[in-house]
Every structure is written in C-alpha cells, then in structure tokens.
Amino acid sequence: MRKIDTKEIADKIYKMALAACVSLTPECKRALESAADGEKEGAAKFALETLIDNCKTAENDGLPVCQDTGMAVVILEIGQDVFLTGAPLEEAVNGAVRAAYADGYFRKSICDPITRENTGDNTPAAIHTHVCAGEQVKITFLPKGFGSENMSAMYMLKPAQGVEGIIDAIVNTVKNAGSRPCPPVYVGVGIGGSFDTCAYLAKRALTREVGTHNDRADIAEIEKIALERINALDIGCQGFHGKTTAIGVSCEWAYTHIAGLPVAVNIQCHCVRCQKETI
C-alpha cells in the first residue's frame, strides 16, 4: 500500500494546467507543420502558417495559445494499492485548477447552465476517476474549448448500420460543423458502451497522441477511412478549403447491448492541449 497526499496530485495538476494552456502537444505541432507543407500557396497555407506562428509566440511569451482556455477536464487513473490522504480528491483538484487559472491569467469560462452566472475561477472541473491495478496515479489534463465542443454529436445507431454507419456519423459531424470548430480538427470517437459511457470514450480518445491508431485493426481501419473521407471534404484550415480538414481521428470502444450501437463524436479544434503525468 502506497500513501499519496492529494496535495501532491494538486501540485501536479497546477503545473500541468499552466503548461497546457500555453502550448500545443508536440504531435499536434508536427501535424500542423506537415499540413502546411502539403498545401499549395493560398489562404489555407497562410492560415496554417499563422497557427504555427501563434503557437511559437504563445510558448515563447507564456501566453494562452487560444483565448478559450477551456473547461478543465481531469482524468485520474488511481491504482488500487494507493491510499489517498489529505484533502478530499475533488476539492484538491478544483483547488489546483482555480489557482492555475488565476496565476496564469487564463479566461474563466465556467458558469451555471440556467442563470449563466460565472463561477469566476473556472471550476468545477470535469473530473473522471478510474481504479486500476498498481500503486501509481496517472493524471491527464485537457483544457477543452467549447467552439469545437459545441460541434460534437451523439448518435444511437441501429446495429445493422454497422461500420459504414459509424464512418458516416463521424464524417457527417465534421461536414455539418464546417469551419465553426476552427479546423483542422482532431476527432475523438466513442463506439459502443451506453449513452453516457460512449460520450466519455470520445473525450478520452482526444487524449491520445495525434497520429496514433487503435490497437484493434478493424477500428484502426475506421480511423483511417474516416480521416480520408473528412480530408476529402475540402473544408480546409479555418474553412479556406485545402487538403487538411482534420489532423487525426481517434476511436475508443467498449462492449455494448445487442440492441444498440452508440457512437459519440467529440470535436477538438486545431488547438490540441493535453498534459500527462504519473505519480
């Protein structure tokens, strides 16, 4: 049994939040650079190069890479041999987010859904916990902007729609979104589970490194075909047309009911910001 004080977790999240909001993941940067290299001279190439310059400026000056510093999504994978001490976990996580968004001068965007009254400190965060084997705590921090979140969709397909129905759902979600989620987008997809778990799978898919593929060959094939069809839409960077509408499609799956085929599509803008740490 290993004891871990929740303050140690909070300290990690604080640093992760400060880093995530000012920098894209290395894989995202490489994908944007590759997309820029693949475009001919024109508006799409100019837009991609501008996004890359913006990323460099943000990192060099310690400024938010996007004005929407998002809703803080925190995923905690807690080993069953870990004994947590200190403040309650949720309290510790929200305290870290609160402090990071204040010290980083990041935009506070969290509000009551009905009154729209802002909480003023970007909390509460969206916290997901999992108990797994071992005596470590794995932390993932994802600041999720809502220009792209608003373009996401949930489908309850008929089982007979199968793989083609899944791919159609993915592609049509991106097509209907057009330029609104600030493409080139990163597409997270959940396949299976129940209504609620499917949406979480799609969110979790966005924490995978851009360019990686699912271990299952048939699901990796869905990722490949969906990405090809999305990039054939000619929406392009910021809607200026071009070869790259998406820099990646990542799918996660779970077993589901014989009567259902849930599919969730969670859109991430070009601004992929994700930090991972292990205690």
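Salt bridges in a predicted model

Me: How far apart are the closest N and O atoms in the salt bridge between Glu228 and Lys224?
Reply: A salt bridge here is a side-chain nitrogen of Lys or Arg within 4 Å of a carboxyl oxygen of Asp or Glu. Because Glu228 and Lys224 are four residues apart in helix 8 (residues 217-231), they are separated by about one helical turn. Helices (H or I, at least four residues) and strands (E, at least two) are DSSP runs, numbered from the N terminus. The closest N and O atoms of Glu228 and Lys224 are 3.0 Å apart.

This is a predicted model, in which local features need pLDDT of at least 70, side-chain atom pairs count only at pLDDT 80 or more, and totals for chains, interfaces and linings use all residues. Residues are numbered from 1 along each chain as its sequence is written, and side-chain values use heavy atoms, with hydrogens and water left out.

Me: Is Glu228 buried or exposed, or partly exposed?
Reply: Buried means under 20% relative accessible area, exposed over 50%, and partly exposed in between (1.4 Å probe, protein chains only). The relative accessibility of Glu228 is 45%, so Glu228 counts as partly exposed.

Me: Which residue meets Glu59 in a salt bridge?
Reply: The partner lies in helix 2 (residues 26-38), whereas Glu59 is in helix 3 (residues 43-61), 30 residues apart. The N to O distance is 3.0 Å, and the partner is Lys29.

Me: How many salt bridges does the structure hold?
Reply: One network of salt bridges links Lys144, Glu149 and Lys203. For the structure, the number of salt bridges is 15.
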